[in-house]
Amino acid sequence: MANEGPDDRKKGLGRREVLECMVWAGTGVLWTITGGVPHSVGLIGEAAAAEPAKGFTFLQMSDSHIGFDKAAKFDNADKVFGETGLQTHWVPGEHDIIDEERGKAYLERYGKGSKGAGWYSFDDHGVHFIGLVNVVDLKGGGLGNLGAEQLAWLEADLKDKSASTPIVVFSHIPLYVLYKDWGWGTEDGQRALDLLKRFGSVTVLNGHIHQLAQKVEGNMTFHTALSTAFPQPAPGSAPSPGPMVVPADQLRTKLGLSTVTVMQGNKPLAIIDKTLA
């Protein structure tokens, strides 16, 4: 998660630069809140033509696979994201914590101020953001897991929040069970979603599956954006998940970006997905 305020424009940072970073880094969803009314900004051409925002903009990025399992992957990621000059909030993917010390390197670099395995929350422009970690102690088939400690923290974190507070939750693996056989879901995710039911506007974002998946359940909108790293097969359409080989002339139709309109209160999201084609 990266965000910028109006002063950042004066430093030469604008929608175009952020979107170029998004194209380079991986899956991206751009959110803009101007004058208290959120609206979406399109892809690079549209963003460059738009009037400068005077409010709050934040971007979801996921599954960049920068460096992947290489020793200097965090150094490479820092270089790419650092060039934006934007404040960044992190949650780990499974490849960030697969080491002999169970994510120690990730936490030392990105976990300052977080709890447990790296979960935390913060407030910005009237929105309560919650970063959850569901890639530790993966369950059968690779299902994500939050654990009792994190769920207890989440309950306490939400306790004093008004039901009218807009909530944005971001995690790596989907919080709901999208496809159990491939581990595309979180075993105890429903317990977290139950804690969020009383809020009027809840947006749940994730990566991991490298393809578009979205649904709405009552006051909750779930969205997984397309990836720019590599495509994965649709649930159940292949023997197992993993990088999918497609003809070169079809590749750009399988990769893409998304823009999202966030309306505070009980308004639904307006999500526009575009392939790189």
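1. Leaving aside neighbours within four places in sequence, H128 is in contact (heavy atoms within 4.5 Å) with S121, F122, D123, D157, L158, K161, T165, P166, I167 and V168. The model is a predicted one, in which local features need pLDDT of at least 70 and side-chain atom pairs count only at pLDDT 80 or more, while totals for chains, interfaces and linings use all residues. Residues are numbered from 1 along each chain as its sequence is written, and side-chain values use heavy atoms, with hydrogens and water left out.

2. H128 lies in strand β7 (residues 127-131). Strands here are DSSP runs of E with at least two residues, helices are runs of H or I with at least four, and both are numbered from the N terminus. H128 counts as buried because its relative accessibility is 1%. Buried means under 20% relative accessible area, exposed over 50% and partly exposed in between, with a 1.4 Å probe and protein chains only.

3. Two side chains make polar contacts with the side chain of H128: D123 at 2.7 Å and D157 at 2.7 Å. A polar contact is a pair of N or O atoms within 3.5 Å; within protein, one must be able to donate a hydrogen and the other to accept it, and residues adjacent in sequence count only if both atoms are side-chain atoms.

4. The open sheet has 6 strands in the order β6-β7-β8-β9-β11-β10, with mixed pairing; two strands pair if DSSP finds at least two bridges between them. β6 (120-124) and β10 (213-217) each have a single partner strand, so one side of each edge strand has no neighbour in the sheet. Neighbouring strands are turned by 15° against each other on average, direction ignored.

5. β7 and β8 (residues 167-170) run parallel and are joined by 4 bridges. H128 stands opposite I167 in β8, and I130 stands opposite V169. Both faces of β8 are covered: I167 and V169 are buried on one side, V168 and F170 on the other.

6. Helix α6 (residues 148-158) packs on the sheet and touches β6, β7 and β8; its direction makes about 175° with that of β7. Axes are lines fitted to C-alpha atoms, for helices over the stretch in contact, and angles run from 0 to 180 degrees between N-to-C directions. Helix α7 (residues 189-196) also packs on the sheet, touching β7, β8, β9 (202-206) and β11 (220-224), and its direction makes about 135° with that of β11.

7. Which residues of α6 are buried? They are Q150, L151, W153, L154, D157 and L158. These residues cover an arc of only 160° around the axis, which puts them on the same side of α6; the arc is that of the directions from the helix axis to the C-beta atoms. They pack against β6, β7, β8 and α7. The face turned away from the buried side carries the exposed residues A148, E149 and A156.

8. The axes of α6 and α7 come within 10 Å and cross at roughly 10°. The two helices are therefore roughly parallel to each other, a term for angles under 35 degrees. At this meeting, L151, L154, E155 and L158 in α6 face R191, A192, L195 and L196 in α7 as contacts.

Terms used:
Parallel < 35°, antiparallel > 145°, perpendicular 65-115°, else oblique.
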